[in-house]
Amino acid sequence: MFYSVRHLSKKVVECYNTIQIPKPEFYIAYIGTEKIDEELCLSKAFDMFHDNLDFTLELRVKVIAGASMNATLGGYFDMIYFMKNNVVDV
């Protein structure tokens, strides 16, 4: 019985074509004034609270700062700066 189920599942897998998916990348747009690393790691946020944690999954986020923006992000940064400096709480 085990062999037949294993054999059947192998045949089912062979029926489908495998596709490659792109590697996920995460970014954050940083508009602060303090110096920040070019890449942030989720595990570092927990290091200060717990010693010797073993992370099964690590999340790395690339930081896009205002100084390194391109034309597309330039408009976004301009809008955020404007809102930050001109919008008043009502």
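User: Where in the structure is Gly 32 found?
Analyst: Gly 32 sits in the loop between strand 1 and strand 2. Strands here are DSSP runs of E with at least two residues, helices are runs of H or I with at least four, and both are numbered from the N terminus. The model is predicted, so local features need pLDDT of at least 70 and side-chain atom pairs count only at pLDDT 80 or more, while totals for chains, interfaces and linings use all residues. Residues are numbered from 1 along each chain as its sequence is written, and side-chain values use heavy atoms, with hydrogens and water left out.

User: Why does Gly 32 count as partly exposed?
Analyst: Its relative accessibility is 32%. Buried means under 20% relative accessible area, exposed means over 50%, and partly exposed is what lies in between, with a 1.4 Å probe and protein chains only. Gly 32 therefore counts as partly exposed.

User: What separates the C-alpha atoms of Gly 32 and Tyr 81?
Analyst: A distance of 9.8 Å, although the two residues are 49 residues apart along the chain.

User: What makes the 3 strands a sheet, and in which order do they stand?
Analyst: Two strands pair if DSSP finds at least two bridges between them. The 3 strands form an open sheet with mixed pairing, in the order 1-3-2. Strand 1 (26-30) and strand 2 (39-41) are the edge strands, as each pairs on one side only.

User: How many bridges join strand 2 and strand 3?
Analyst: Strand 2 and strand 3 (residues 60-65) have 3 bridges between them and pair in the antiparallel sense. Within this sheet, Leu 40 stands opposite Val 61 of strand 3.

User: What makes the contact of Glu 39 and Arg 60 a salt bridge?
Analyst: The term requires a side-chain nitrogen of Lys or Arg within 4 Å of a carboxyl oxygen of Asp or Glu. For Glu 39 and Arg 60 the closest N and O atoms are 3.4 Å apart, and the pair forms a salt bridge. The pair links distant parts of the chain, with Glu 39 in strand 2 and Arg 60 in strand 3, 21 residues apart. Both residues are partly exposed: Glu 39 has a relative accessible area of 34%, and Arg 60 has 46%.

User: How many salt bridges does a search of the whole structure find?
Analyst: The search finds 3. One of them joins Glu 25 and Lys 23, with the closest N and O atoms 3.9 Å apart. In another, the side chains of Lys 62 and Glu 25 meet at 3.8 Å, N to O. Lys 62 lies in strand 3 and Glu 25 in the loop between helix 1 (2-15) and strand 1, so this pair ties together parts that are 37 residues apart in sequence.

User: Which residues are linked in a network of salt bridges?
Analyst: Lys 23, Glu 25 and Lys 62 are linked in this way. Lys 23 counts as exposed because its relative accessibility is 64%. Glu 25, at 40%, counts as partly exposed, and Lys 62 is partly exposed with a relative accessible area of 34%.

User: Why is the pair of Tyr 76 and Phe 77 called edge-to-face?
Analyst: Rings of Phe, Tyr and Trp (its six-membered ring) pair if their centres lie within 6.5 Å; planes under 30 degrees apart count as stacked, over 60 as edge-to-face and the rest as tilted. The centres of Tyr 76 and Phe 77 are 5.9 Å apart and the planes stand at 75 degrees, so the pair is edge-to-face. Tyr 76 is partly exposed, with a relative accessible area of 38%, whereas Phe 77 counts as buried at 0%.

User: What are the values for the tilted pair of Phe 77 and Tyr 81?
Analyst: The rings of Phe 77 and Tyr 81 are 6.4 Å apart, centre to centre, with 35 degrees between the planes, and the pair is tilted. Being 4 residues apart in helix 3, Phe 77 and Tyr 81 are separated by about one helical turn. Tyr 81 counts as partly exposed at 30% relative accessibility.

User: Which residues form one aromatic cluster?
Analyst: The cluster consists of Tyr 76, Phe 77 and Tyr 81. The structure holds 2 aromatic pairs.
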